[in-house]
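Here's a quick briefing to read alongside the model. Have the sequence and the 3D view open as you go.

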Amino acid sequence: MIYTITLNPAIDKTIFLDSLKKGEVNRIKKSIKDVGGKGINVSKVLKVLGKESIVLGFLGRDNKKCFIDFLEDVKIEHDFIIVDGESRTNLKIIELDCDIHTDINDIGFSVGEESVNLLLNRISSLNEDDVVVLSGSIPSGVSNDIYKNIIEILNNKNVKVILDADGKALIEGIKAKPYMIKPNIYELKNIINFDENNMDSIIEVGKKLVNQGIEKVLVSMGEKGSLYITKNDVFYSNPLKLEVKSTVGAGDAMVAALAYGIKEKLLDQEILRLASACAFCAVITEGSKMLNKTTIETIKQQITINRR
Ligand SMILES: Nc1ncnc2c1ncn2[C@@H]1O[C@H](COP(=O)(O)OP(=O)(O)O)[C@@H](O)[C@H]1O
Ligand SMILES: O=P(O)(O)OC[C@H]1O[C@](O)(COP(=O)(O)O)[C@@H](O)[C@@H]1O
């Protein structure tokens, strides 16, 4: 089974306005809401790809219904630890005049030690064939080394872990050597300094991480495409020129393809092709709505992968 772990779920509220004027009253043209948070988004894409997954993590008691209703509606299994308070709402601002997309992500609820222990116990029951996705920010009350602790538990059981995190959670997490990581270029820059305009420099950083014991590193570079670095290969997925509707969930769509690829034992090149197709499909989809499988298949045919 694939388990996705979302410690800090979110309702993504996307608002569309002509342009954001700081210090003034702004009028919204249109707004949409999606149930999100990184792990939940990964499970949504896995569902579209035809793979079952179970969503674990924390959920705020006060608005848990909208998450649970949505997941049950799309038939995604879940087993959350319910905590006091409300799961956050993250604001995604789209300025139509200048096509600038801005994310404002809330801190979220606070989680107590007892809830953390309940989650760690749940994770301890996973087995060798399982794949685990750990992604997103860490809520307050939870230590920055939670991902490191979880990876250590799972590595001891030979469970493959994909880590998609930022800042201290990523720095700590990679110390435990997860099977895969999917940093975007900014997340990677936060942990190691390199020249982001030089592809060889990015590859060198990826190889360094692989030499430290992380098997595969997928570096996503927004509109510049992505690099997949493994022990023996480096593949580059070329960007596609698309009408960008929302980049929210593009990284999560890639992570879903990584988990799918592990389970289906796909070749690295095919994993990258699928990851790119899912990401591009997310980019042409409004908010973080469910993707369309046929669109993913169509985009897949247009993707060029080069060995570097
Ligand atoms: N503006 C864009 N134009 C085309 N593709 C994009 C764009 N933004 C993201 N993507 C696609 O989505 C992938 C993930 O996006 P990225 O911004 O790097 O990750 P994250 O969503 O994790 O921050 C990219 O590698 C690319 O394939
Ligand atoms: O946990 P974080 O880092 O605040 O991120 C949460 C946000 O990430 C998302 O999962 C989108 O992530 P990506 O754009 O990186 O795929 C949103 O649904 C959510 O609002």
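Around ligand 1 there are 18 residues, and Ser 220, Glu 223, Ala 250, Gly 251 and Ala 279 come nearest; a residue is near a molecule if its C-beta atom, placed from the backbone, lies within 6 Å of it. This is a predicted model, where local features need pLDDT of at least 70, side-chain atom pairs count only at pLDDT 80 or more, and totals for chains, interfaces and linings use all residues. Residues are numbered from 1 along each chain as its sequence is written, while chains are lettered from A and ligands numbered from 1 in the order in which they are written.

**Ligand 1 shell**
- Helix H8 and helix H9 (268–283) each give two or more residues to this shell; helices (H or I, at least four residues) and strands (E, at least two) are DSSP runs, numbered from the N terminus.
- H9 has the largest share, with four residues.
- By class, you get nine nonpolar, eight polar and one charged residue; Ala, Val, Leu, Ile, Met, Phe, Trp, Tyr, Cys and Pro count as nonpolar, Asp, Glu, Lys and Arg as charged, and the others, Gly among them, as polar.

**Ligand 2 shell**
- Ligand 2 also has 18 residues around it, with Gly 36, Gly 136, Ser 137, Gly 251 and Asp 252 nearest.
- Strand E2 (10–17), helix H1 (38–49) and helix H8 (250–264) each supply at least two residues, and H8 gives the most, with three.
- This shell splits into three nonpolar, 11 polar and four charged residues.

**The sheet**
- Ten strands form an open sheet with mixed pairing, in the order E5-E4-E1-E8-E9-E10-E11-E12-E13-E14; two strands pair if DSSP finds at least two bridges between them.
- E5 (77–83) and E14 (305–307) are at the edges with a single partner strand each, so one side of each has no neighbour in the sheet.
- E1 (residues 2–6) and E4 (residues 53–60) run parallel over five bridges, and Ile 5 stands opposite Leu 56 in E4.
- H1 packs on the sheet and touches E1, E4, E8 (131–135) and E9 (160–164); contact means C-beta atoms, placed from the backbone, within 7 Å.
- The direction of H1 makes about 150° with that of E1; axes are lines fitted to C-alpha atoms, for helices over the stretch in contact, and angles run from 0 to 180 degrees between N-to-C directions.

**Glu 113**
- Glu 113 lies in helix H3 (residues 113–124).
- Glu 113 counts as exposed because it has 10 C-beta neighbours inside 10 Å; the cut-offs are 20 or more for buried, 12 or fewer for exposed and partly exposed in between, with C-beta atoms placed from the backbone.

Note on methods. Contact = placed C-beta atoms within 7 Å.
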